[in-house]
Amino acid sequence: MRERSIWPAAIAVILLLVALPVAVVLDLRDFTHQLSERQANDISKIITDIRTFYANDVVGRILQADPHTKITATDNYRDVAGAIPIPATFSLEIGRLTSSRDNTVRYEFVSDYPFAGRPPHNLDDFQLKALASFRADPNVQTLEAAEGGWSPTVRLASPIRMTAACVACHNSHPDSPKKDWNVGDVRGIQAVSVSQPLSQGSIGFHYLFAYFAAAIATGVAFIVMQWRQSRELALVNGELKEANNFLATVSLKIAKYLSPEIYKSVFSGERDVKVTAERKKLTIFFSDIVDFTATTERMQPEELTAHLNEYLTEMSHIAISHGATVDKFIGDAILAFFGDPQTLGPREDARACLRMALAMQKRLEYLQVKWRQQGIEHPFRVRMGINTGYCNVGNFGSDDRMDYTIIGAEANLAARLQSIAPAGGIMLSYETYSNVRDMVDASAGEQISMKGISRPIVPYLVRGVREQLRDDTVITEMDEGMSLTLDTAGLDPARCGASTGCPRTIRGD
């Protein structure tokens, strides 16, 4: 959708950019041609009018005059037989002729000292300014001005200076308003005006008008297209937001059924969701609540559900914090393992698993006290088994439904070790014990045999924790009818009867 929307707009913009100089050149060519044609036509009309005036009022009058009549030049030539107009009168007639037509070019011959009997000239600001400038400074030869807005006019004025013949005529003529003319005085001005009405000149810019019309149409189309696309994108974004919210809700719900490590690997794309498995060396953890069936008979269903969920939640948090992959909950039992999908190596995986088991037992001590305070006569006690060995790990099931789990005799061995562990105890296989023997004190038990495992199996029961791993400032001991909690950090060494501090352990059977 994006390519279909961008490319037409990009092509339209490129065409408009290319078309602009072409439209300007074409319009300038046509405008220059039209302007030149109009001015040439106006000049042709002016020359025709001058030639006609010259033929009728100059040559015609001479030809019509009596051969014995003296030809004279005078301002009132029409009243004198055989007379022809003087230059000033001729210029006035030219101005009259050019003003009688609607031309773009006009000629004006004006003065502020008209002869008696002639109508006075109504001088405008430009004419008055030109006369004052020419008379104030003899070096000023021309004066130019631009006037008008919608019909711009360019006016060019030049001075009419008195010659010796003009001075003699004007100073002696009875109709002259001024008798003291000198050679070089400014008698008046002659001005040429060229106008080009915008309404006429703009007609020549049809290419630019067409270009701007196309640009406006393209811009409007582009805006409409962008508006439609923004609406479509808003709708799509709204749908995507709803879909994302739905998927986020679903994924959060799915996460409740998966181990965090599996959830992250699946949703990040690191692990393919297909039926496959591989053989790896894992450390398997299995735990079970002692006498769970008997305990359930003494509790109400709601109470049992609440305590069991609290227990499983607490244990799951500890397992996840230590990097375990929680495989499944089998009723009250927990199956977890280390080594997949992430591993620190067989030795570190085994040590992490033991730390997790010790943390679980430590947390259970606190929970047992809490549950007793809540009225539970026989709170949960848990036994645990840990084994290290090769298992098949991966997705097992069908293409429609599968389960990420482990399969193999070594997993069954972890369950068997759990079953022979005492309440609150941790039973290790030799393979696990060999990796953690510097962490705990453990005693070997009687050999057992397992179906699917040919070697004899020696279980090791964890009896205590090495000093560097101890955190037993709070010691909790329980037995039938007894619950003891001892905070050694709050005891006075003198009252303990020890010179170096209170004892750090309480050993007993």
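## Ile-453 and its contacts

Leaving aside neighbours within four places in sequence, Ile-453 is in contact (heavy atoms within 4.5 Å) with Ala-409, Glu-410 and Leu-413. This is a predicted model, in which local features need pLDDT of at least 70 and side-chain atom pairs count only at pLDDT 80 or more, while totals for chains, interfaces and linings use all residues. Residues are numbered from 1 along each chain as its sequence is written, and side-chain values use heavy atoms, with hydrogens and water left out.

Ile-453 belongs to strand E15 (residues 453-457); helices (H or I, at least four residues) and strands (E, at least two) are DSSP runs, numbered from the N terminus. With a relative accessible area of 8%, Ile-453 is buried, a term for residues under 20% relative accessible area, whereas exposed means over 50% and partly exposed lies in between (1.4 Å probe, protein chains only). The C-alpha atoms of Ile-453 and Asn-412 are separated by 9.9 Å, although the two residues are 41 apart along the chain.

## Helix H11

Helix H11 (residues 409-420) has twelve residues, and its span from first to last C-alpha is 17 Å, close to the 16 Å expected at 1.5 Å a residue. The expected span is 1.5 Å times one less than the number of residues.

Which residues of H11 are buried? They are Glu-410, Ala-411, Leu-413, Ala-414, Leu-417 and Gln-418. These residues cover an arc of only 155 degrees around the axis, which puts them on the same side of H11; the arc is that of the directions from the helix axis to the C-beta atoms.

## The sheet E3-E6-E5-E4

Four strands form an open antiparallel sheet in the order E3-E6-E5-E4. Strand E3 (105-110) and strand E4 (143-147) stand at the edges with a single partner strand each, so one side of each is left without a neighbour in the sheet. From one strand to the next, the twist averages 20 degrees.

E3 pairs with strand E6 (residues 186-195) in the antiparallel sense over six bridges; two strands pair if DSSP finds at least two bridges between them. In this pairing, Val-105 stands opposite Val-194 in E6. Helix H3 (residues 125-136) lies across E3, E4, strand E5 (153-161) and E6, and runs at about 135 degrees to E6. Axes are lines fitted to C-alpha atoms, for helices over the stretch in contact, and angles run from 0 to 180 degrees between N-to-C directions.
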